[in-house]
Amino acid sequence: MCLQHPDVAVISPQDPFLLIGSSLTATCTLSPELGVHASTLYWTLNGARVSSSAYSVVSPSVLGVTLHGLSGSQQRSGDNLVCHGANGHVLAGSCLYVGMPPEKPVNLTCWSRNTKDLSCSWSLGGQGETHVPTKYTLKYKLRWHGKEKECENYSTGNERYSCYIPRNIALFTPYEIWVEATNQLGSATSDITTLDILDVVTTDPPANVQVNRVGELEDQLTVRWAIPPELKDILFQAKYQIRYRLEDSADWKVLVDDVGNLTSCRLAGLQPGTVYFVQVRCNPVGIFGSRKAGIWSDWSHPTAASTPSSEQLQSGSCDPKSGEQNSTLRRELKQFFGWVRKHAYGCGGMSMKLYDQWRVWLQKSQKTRKQVGKLGCVRGPS
């Protein structure tokens, strides 16, 4: 409520709500004991003096003012219409709330983290801004039975409103959810959204993300992670997705294909001697038999690792082609013996067949280089 001194003067109407574009006629009525004539008074609106052409002396103790084409209020507490004495003293004030009735809220979206709670967000309908205090209430109830309830934990940001229901969420029973918007100029209600909690589940990011080198392979890194702890006792089929960036870049590259329900992946086609940051996220699919896709979690905290540097071997030959061949041969032999140590048991496991198997794998690995954005995970010797 704006300033009033009833023993000095009173403005009428007091604190009105008005539609944008409307007109207002207000009066400032002086106390007889004041001994001041109305013609000596003046008006201000938000600190700016109102032109005297808008005044009308109704009586020796009453000064009127008429305002046309009112614009939306500049502040939530209302625009200040003030009646002043000739010396500038404030005699009385009124707050003008000029705005619009709310329009139907839109884009109501809800999600549940690990089936334990429920969050919903929505956007304002139409032009959004009403210019006057407007209350948004998210209401929900079980579809076929149950009492209507109101959400209590509200927040705003990025032109979206949201509300959080922290507990007492029922599973296996659909909810009806809607938003009511009200102010002194009108009200509106969103469309009703019907959902099953199990169909809108998201989760925490995958835990214990690790990124390691693949032996001496200079273009590959292995990523491993654990399922989100909160879902370890829940029946579901997870999907995972990976993204990565170079140390000196802010641009993340998401693998086109998700990696299914694997909990490890080998990135190929990377740059040698380069630090990469990697993140993983999870989509819980088919929670307790739900037939709808889940909602992607947030990305895990970045985990960093570097690929090995290319070997710059010195050759005694003056023939650069010979040096290149020696370098390539030595690098391939080193890769082969590293692979043998992991996949053969001692020298007794050595054979041409084993060498042929490695060559096949190497050719497949080379084909994946520079294709990581298309392929996702590479399956090969780990």
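Me: Which residues form one aromatic cluster here?

Reply: That would be Trp122, Tyr136, Tyr154 and Tyr161. Keep in mind that this is a predicted model.

Me: What makes the rings of Tyr140 and Tyr175 a pair, and why is the pair called tilted?

Reply: Their ring centres are 6.2 Å apart, and the cut-off for a pair is within 6.5 Å, so they count. The planes sit at 55 degrees; under 30 would be stacked and over 60 edge-to-face, so this one is tilted. Tyr140 belongs to strand S12 and Tyr175 to strand S16, 35 residues apart. Both Tyr140 and Tyr175 are buried. Over the whole structure, the search turns up 7 aromatic pairs.

Me: How do you know that Cys28 and Cys83 form a disulfide?

Reply: Look at the sulfurs: S to S is 2.3 Å, and the limit is within 2.5 Å, so the pair qualifies. Cys28 is in strand S3 and Cys83 in strand S8, so to speak distant parts of the chain, 55 residues apart. The link is left-handed, with -85 degrees about the S-S bond.

Me: What makes Cys110 and Cys120 a disulfide?

Reply: Again the sulfur distance: 2.1 Å for Cys110 and Cys120, within the 2.5 Å limit, so it's a disulfide. This link is right-handed, with 110 degrees about the S-S bond. Cys110 lies in strand S10 and Cys120 in strand S11, 10 residues apart. Cys110 has 6% relative accessibility and Cys120 has 1%; with the line drawn at under 20%, each counts as buried.

Me: How do you know that Cys151 and Cys163 form a disulfide, and what does the pair tie together?

Reply: About the S-S bond the angle is -100 degrees, a left-handed link. Cys151 lies in the loop between strand S13 and strand S14, and Cys163 in strand S15, so the pair ties together parts 12 residues apart in sequence. Cys151 has a relative accessible area of 4% and is buried; Cys163, at 3%, is buried as well. That search of the whole structure finds 3 disulfides.

Me: Why do S2 and S5 stand at the edges of their sheet?

Reply: The open sheet has 5 strands in the order S2-S9-S8-S4-S5, with mixed pairing. S2 (17-19) and S5 (48-49) each have a single partner strand, so one side of each is left without a neighbour in the sheet.

Me: How do you know that S2 pairs with S9?

Reply: 3 bridges join S2 to S9, and the two run parallel. Pairing takes at least two bridges, so S2 and S9 pass. Within that pairing, Leu18 stands opposite Val98 in S9.

Me: What makes you say that the charged end of Arg49 sits over the ring of Tyr42?

Reply: The charged end of Arg49 is 3.7 Å from the ring centre of Tyr42, and the distance limit is within 6 Å. Arg243 lies over the face of Trp252 in turn, at 4.6 Å from the ring centre.

Conventions:
Residues numbered from 1 in each chain as written. Predicted model: local features only at pLDDT ≥ 70, side-chain atom pairs only at ≥ 80, totals over all residues. Heavy atoms only, no water. Helix = DSSP H or I, 4+ residues; strand = E, 2+ residues; numbered from the N terminus. Buried < 20%, exposed > 50% of the residue type's maximum accessible area, 1.4 Å probe, protein only. Phe/Tyr/Trp six-rings, centres within 6.5 Å; stacked < 30°, edge-to-face > 60°. Lys NZ or Arg CZ within 6 Å of the ring centre and 35° of its normal.
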